[in-house]
Amino acid sequence: MQTLWRWLTDRALAESIAGDLEEQRRRRAEKSRVMAALWFWRRTASIALYLGRSRMQTLLARVFHQKLARSGGIGSDLSYSVRSLMRAPAYTATVIGVIALGMTLATTVFAVVDGVLFKPLPYPDADRLVAIESGFNNLPAPVFPPTTWYKRLPGNGASAQDIASWQAAAPDASITGIQARTQSMGEGVNDTPYGVGLVQRNFFETIGVEPMVGGFAGSDFDHETLVQPVVITNELWLSRFHGANDVIGQTFINDPTTGRGFRVAGVMPHGFVFPSAGAAVRFIAPYVASSHDLSDPTRRSLREIIARLPHGMSIAALRARVETGMATTAAALPTKPRRLGLSDRGWRMEGPFNHADVVPLASALGVVERPLFRAIFLAALVLLALGGLNVSGLMAARGLDRARELGLRRALGATGVRLARLVFLEALVPIVVAAGLGLALAMPLLHIGLRLLPDDLVLLKPHMEAAIDARVVMFVVLSAIALAVPTTIWPIRRALGIGATPLGDGSRGSTRTRSIGRTVVIVSQVAGALVLTMGGALLVTSIMAVYANTPAIRTDGVVVLREQMQGDPGMIGAPDRTTRANALLATLRRVPGIDGVALTEGQVLDGGGGVPWWAPPPAAARSRLDVVAQAVTSDFYRVLQPQLVIGRFPTDAEMESDAPVIVVSESVARAYWPSASPLGQTLTYLRVAVPFEVVGVVKDVRWNYWDTEVAAIYGPFARVSRSGNLTVFIRTRTSAGQITAQAIQAITAFDPLIKTTRSGTLDALFADTVRPRRFQSWLFGSFAVAALVIVGAGVLGLMAMSTARRTREMGIRLALGSTREGLVRLLLREQLMSVAAGVVAGSLVSAWAVRFVRASLYEITPYDPRVWALAIAVIVITTVVGTLIPSLRASRTDPVQALRAE
Amino acid sequence: MGREPLPLGEFEQMILLAVLQCGDDAYGVTVQEELVSRTKRRVSSGAIYMTLDRLEKKGLLVSHLTEPVAERGGRAKRCYQVTKPAVAALTHSRRALANLWEGLELAD
């Protein structure tokens, strides 16, 4: 507060004011602390506004008005406009506030989405770069979970052999494959995963950008090394390595037990963005085909393929050449037996490609993010337009108030152009101020937004550059101009129309026009606000549903550790793995504070889909259900307590003896045995001879994401585990942090080859999976709130101006016997007709627009009646409040004073 | 003939008179309370502080700081006193108003 007073006045007066306010606040606090606080802030605001205005007027008078007023022409009009605005502080503050709100959000959104939506790709001759998406003709439709957040990239990737044959068919083009993924760079447990891009040796040549220093040697692509050479992005060099000159050759060991690490081999130039839609890549490493890749040409580990078209070759021509290469590969592919349980789609996808899509790289990159960003940017523009409409209405209403003054100017010789210039400048000044305010406020909002953004969102520009740069400033300038012109058309037309009766009030014969104009403004605002409010309400309701629904297992007091057992043989049911796992569990049970511990080898919060390890029964052989295969140990059901639907859990004896019994989830029971009891039925597991009997059915659990129930089958660890990637669940009543540290210590002491890669409470790990959803809800919720503020302010402002002009009419009605309540009802009724029309229009637009958020909703439909009713109610309440306040003021008009007023 | 007294605006006169009424304890809070109770009208706090400051700069008020007190958050109080030129200006204004009112009688 001291700073505020010192900014507004000199130090001595500042001290005096601060002391007086504090003295009075304490005195009032003896009666009521709440009232004292309210009084304090009200009085502070009042004094600050007064002092601020005074200071501004003095400054403007000294620097501005004296010079400009003497300059004549535009300068004098500008000076007059500023003085005129200062005399109407409520109107000016409303206009500036409304536009600044819209401008702040739009600018922030633009700064984030610029890279994906507008900025040209940062590569030489970028229009010659294309993405090749490999595919199959007439493929059966996939079955994906209804709400999935997988980054499903178009195309099916390619093997190194595929790319070689396509290159051979199109020797003039340059074709390269990449694999982008997020992985730990080994700073410890829970270290931030980075985007890593594996590239073939012709990557830099194809893209047209070389490292600014260093690079890969040819031999780096021939074989894998324990210490992997990497070329890092410029942004990472500056942020993690502080721009050190000696970064080349520096080695970092991730895993001391194995000696794995990376060596910095080069740094990319400033502004380089890795061309992947899969991850925001910071480390570039050489792609080395593994022995599995070389032996099985259908292992397509290069997920994205980029090509540079030579001059003279069209996209269609390249596509034809690539399909020729596919045919060559198909002829050379060895046939292999169809695996049991593989769906038709899965079987086709293991075969040769026969279809290629070639698209400009600019449209392929950001393909996952683009729909979301488009929706966000559109919402921001709607908000800005809403603000402009609001302001246009206010300006037009203000113009009517000044009709007499403008008529007088006309009579004294002012031309139409001069009047129009005056009105335009008076509109432009607050817009420019608001634009500056919006730009200033966008900076802190951008920091908040970037922190809320999910890490794996591809922005197509370095995070450091998602800032207020020249392009963002240009956006603000253009938006201000784009806003100023249409916003002022209506008021200027009104001003020019005043010439017919120069000294009249300009309102004769225009009451109907005014009324239609006001109605149009209100209807449009209400409709626009309803669309934004609807989107926000749906997304917020959706995330509330996510958090409200329990995940069908007990999550409180459960700590999760992800463990990697080095040296695992990778065989199904390997006895050595079971021995090590049981010894690990025994070690952990000895840690004080641990009430129960169990583990599984299966998908847990990794976001992946199920591999068809379990074969469906013959009657359901065509089932395309994605099933998560869990391999669980003895205490699993006691520790996690999945909700049993029918049957039973395996007994202790069955768990100890690894009996072939399984528990299935509800989705599996419904899909495999729709008309029979699943209990007693049997299923077979890949490469395991003995059939497994179903003894119980549990509810589906959200094993992959917080918002997606998945089908699962729980089998005995000793028989169905496949690898050394384990998830340990620890139930404890003590502090999670303490237990985690003790458990990790115990594990490392027990076996240094078991590495902990992730830890956390089960609740926290689940919640982290809905970060994208949380971000969307925050964003659209903010838009909805902003829209409500704009509509509320707009309706209030228009009503206030309208009732002020109708003072005489109010006075006459009251004098003729109307009651105050009747007057309020009359004004409300007039306004609510417009609001109702706006709600109808907005509902029609919303009915179309909500389909864009359908994929993001959880357990509600875009047309959920409760959400629609809530959104409409909020809009109606906002507009009623905006109408009620000036109506109540108007009803308190003194009839005598009103009748005396002209 | 002495120097002509400084002309005073209406609000400036009211502030000076309120300072005189408050006596030794004339500071922002008491001046505002005095104005509100005697004129029965709402007065902007910001206007009071600006006018006190302006009058001090014109030499019509002098101020001094008291000891810091806990009730003011450890801040000193700035108390004002009217100067001789202010008394002369007030007297001059009163005489001028009285001359203008002479012979007039207006009904409420």
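Where is the place of Val473(A) in chain A? I looked it up in the model, which is predicted. Val473(A) sits in helix 16 of chain A, residues 470–496.

**Entry: nonpolar patch**

I began with Val473(A) because its relative accessible area is 35%, which makes it partly exposed. The cut-offs for that class are 20% and 50%. I then listed its partners on the surface. Val473(A), Met474(A), Val477(A), Leu478(A), Ile481(A), Val485(A) and Ile489(A) make a nonpolar patch. I noted an area of about 600 Å² for this patch.

**Entry: helix 5 of chain A**

I turned to helix 5, residues 89–117 of chain A. I counted 29 residues in this helix. Its first and last C-alpha lie 39 Å apart, close to the expected 42 Å. Where is the kink in helix 5 of chain A centred? I found it centred on Ala111(A), with an angle of about 40°. I also checked burial. Helix 5 of chain A is largely enclosed by the rest of the structure, because 22 of its 29 residues are buried.

**Entry: helix 4 of chain A**

Which residues of helix 4 of chain A are buried? My list reads Gly75(A), Asp77(A), Ser79(A), Tyr80(A), Ser81(A), Val82(A), Ser84(A), Leu85(A) and Met86(A).

**Entry: positive phi**

Most residues other than glycine have a negative phi. Asp125(A) has a positive phi, near 50°. I placed Asp125(A) in the loop between helix 5 and strand 1 (129–135) of chain A. Asp125(A) has a relative accessible area of 42%, so I logged it as partly exposed.

Lys40(B) also went into the notebook, with a positive phi near 55°. Its loop runs between helix 2 (28–39) and helix 3 (45–58) of chain B. Is Lys40(B) buried or exposed? Lys40(B) is exposed, because its relative accessible area is 69%.

**Entry: aromatic pairs**

How many aromatic pairs are there over all chains? I get 22. I looked at the pair of Tyr123(A) and Phe272(A), with ring centres 6.3 Å apart. Their planes stand at 65°, so the pair is edge-to-face. This pair links distant parts of the chain, 149 residues apart. Tyr123(A) is in the loop between helix 5 and strand 1 of chain A. Phe272(A) is in the loop between strand 7 (260–267) and strand 8 (281–286) of chain A. I found both Tyr123(A) and Phe272(A) buried.

Next I took Phe203(A) and Phe204(A), an edge-to-face pair. I noted 5.2 Å centre to centre and 70° between the planes. Phe203(A) is buried, because its relative accessibility is 0%. Phe204(A) is buried too, with a relative accessible area of 8%.

**Entry: chain B**

I closed with chain B. I counted 4 helices and 2 strands. In what order do the elements of chain B run from the N terminus on? I wrote α-α-α-β-β-α. Chain B has 108 residues, and 40% of them count as buried.

Terms used: Residues numbered from 1 in each chain as written. Chains lettered and ligands numbered in written order. Predicted model: local features only at pLDDT ≥ 70, side-chain atom pairs only at ≥ 80, totals over all residues. Heavy atoms only, no water. Expected span 1.5 Å × (residues − 1). Bend = angle between axes of the 7 residues up to and from the residue. Buried < 20%, exposed > 50% of the residue type's maximum accessible area, 1.4 Å probe, protein only. Patch = residues over 30% accessible without salt bridge, like charges linked within 9 Å, V, L, I, M, F, W, Y side chains within 5 Å. Areas by Shrake-Rupley, 256 points an atom, 1.4 Å probe, with all protein chains shown as cover. Salt bridge = Lys/Arg side-chain N within 4 Å of Asp/Glu carboxyl O. Phe/Tyr/Trp six-rings, centres within 6.5 Å; stacked < 30°, edge-to-face > 60°.
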